[in-house]
Amino acid sequence: MSSYDSVKDLPLEIDGYELEPLEQEVARGFTLRRTVVVLRGGGEEGRGEEVDYNPVIQQDFQARRGELPLAGEHTLDSFSLLQSGQTDYRRWGLESAALDLALRQAGQSLGEAIGRTPKPVRFVVSTRLANVLRWLELYPGLRFKLDPDRDWTDEFVAQLTGQGVVDTVDFKGIYRGDFGSPPDPELYTRIAAAFPEAWIEDPALTGDTSRALEPHRDRITWDAGIHEWSDVEALPFRPRCLNSKPSRFGSVRRLFDFYDACQREGIALYGGGQFELGPGRAQIQLLASLFHPDAPNDVAPSGYNASEPVADLPVSPLELTSQPGFRS
């Protein structure tokens, strides 16, 4: 039985819903806005998180309180089909809340439903360059996923290589707009050689960058372009490992089918997130604990997103508790 087959027929009773705004200043002058989807029914409550980065989209969504035709008796699968016209981020917010509610109404944890036991989650931290060494002063065992660019001096690269703490370097060559970075064969060559054990995520492949990375091709992983298994089949070569960000998949079916296909094809996974502020963070941690716990998962507790390093945070591996629903 597939992972999705294990949950698709769960009964789902929805009496109503709420949309709760979330916001957090994540950098000086920049406030991130999100929406928590709260589905209620049968005396239970299910929660999910809409993670679109556009604050106008979040405000428009929150203004639609009471307008969505969600109430009624469904299965998880029939509810999913009703969301097929939504954007992936919106659909994931709704479907993750529905999965949480359906499991809670059934009195099951996600692990019990799909026959997997949650394990402690190994995590890495994504942070600003200036904070890496400061974080290490507080947590000497911390490991990182970092975004190299031309500002990385030879001196700083040497400091990082001496520490041996970088698990993934993300070139962000697949992103567009403000998040994207142009192809840079010189940078790729320098960083790939400096961190010979690190995964190389989302390089922009051109003739020059492909030649630069040819000796390191087995370390190349993909993230931003992966929304379903067919995206893996369309890659220029079969990867050894991929980054899985659940909200990119939109539907529970697409995500679970992707997990099953990667297991079948022997492709390793590590998890990532979209700067979740609410229930979404616990959900990506739970998925990592069930499908790829011993990987460089970019699912650190929210305290590690502080603009300045702080003490007394949980350390890796992260111990999770098992409880009914899609939550930990």
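**Entry 1: the core**

I began inside this predicted model, with its largest nonpolar core, which has 82 residues. Val7, Leu39, Leu110, Leu242, Phe256 and Phe258 are the ones with the most contacts inside that core. I then looked up which helix gives the most to the core, and found α3, residues 88-106, with eight residues.

What is Leu242 in contact with, leaving aside its neighbours within four places in sequence? I found Thr221, Trp222, Ile226, Val232 and Leu235 among its partners. Phe258 is there too, along with Cys262, Ile267, Ala268, Leu269 and Tyr270. Leu242 and Phe258 both belong to the residues with the most contacts inside the core, and they touch each other.

**Entry 2: the whole protein**

Next I stepped back and looked up the overall build. The protein has twelve helices and eleven strands. Along the principal axes, its C-alpha trace spans about 60 × 40 × 35 Å. I also checked the radius of gyration: a compact globule of 328 residues would come near 20 Å, and the protein has 20 Å, so the two agree.

How many of the residues count as buried, as a percentage? I noted 51% of the 328. For contacts between residues at least 6 apart in sequence, I found that 66% join residues at least 24 apart. The accessible surface comes to about 14,500 Å², and carbon and sulfur atoms hold 48% of that.

**Entry 3: Lys145**

Is Lys145 buried or exposed? I found it buried, because its relative accessibility is 4% and the cut-off for buried is under 20%. Lys145 sits in strand β6, which runs over residues 144-146.

**Entry 4: Gly42**

I found Gly42 in the loop between β3 (30-41) and β4 (44-50). With a relative accessible area of 47%, Gly42 is partly exposed. Leaving out residues up to four places away in sequence, Gly42 touches Glu13, Asp15 and Gln105. I also looked up Leu12, which is 30 residues from Gly42 along the chain; their C-alpha atoms are separated by 8.9 Å.

Most residues other than glycine have a negative phi, and most peptide bonds are trans. With that in mind, I went looking for exceptions.

Which residues does a cis peptide bond join? I found Ser316 and Pro317, with omega about 0 degrees. Pro317 lies in the segment after α12 (279-291).

Lys172 has a positive phi, near 50 degrees. Lys172 is in the loop between β7 (166-170) and α7 (185-194), and it is buried at 17% relative accessible area.

Phe275 has a positive phi too, of about 60 degrees, although it is not a glycine. I located Phe275 in the loop between β11 (268-271) and α12. Its relative accessible area is 28%, so Phe275 is partly exposed.

Methods
Residues numbered from 1 in each chain as written. Predicted model: local features only at pLDDT ≥ 70, side-chain atom pairs only at ≥ 80, totals over all residues. Heavy atoms only, no water. Helix = DSSP H or I, 4+ residues; strand = E, 2+ residues; numbered from the N terminus. Rg over C-alpha atoms; globule rule 2.2 N^0.38 Å. Buried < 20%, exposed > 50% of the residue type's maximum accessible area, 1.4 Å probe, protein only. Contact = heavy atoms within 4.5 Å. Areas by Shrake-Rupley, 256 points an atom, 1.4 Å probe, with all protein chains shown as cover. Core = buried A, V, L, I, M, F, W, Y, C linked by side-chain atoms within 4.5 Å.
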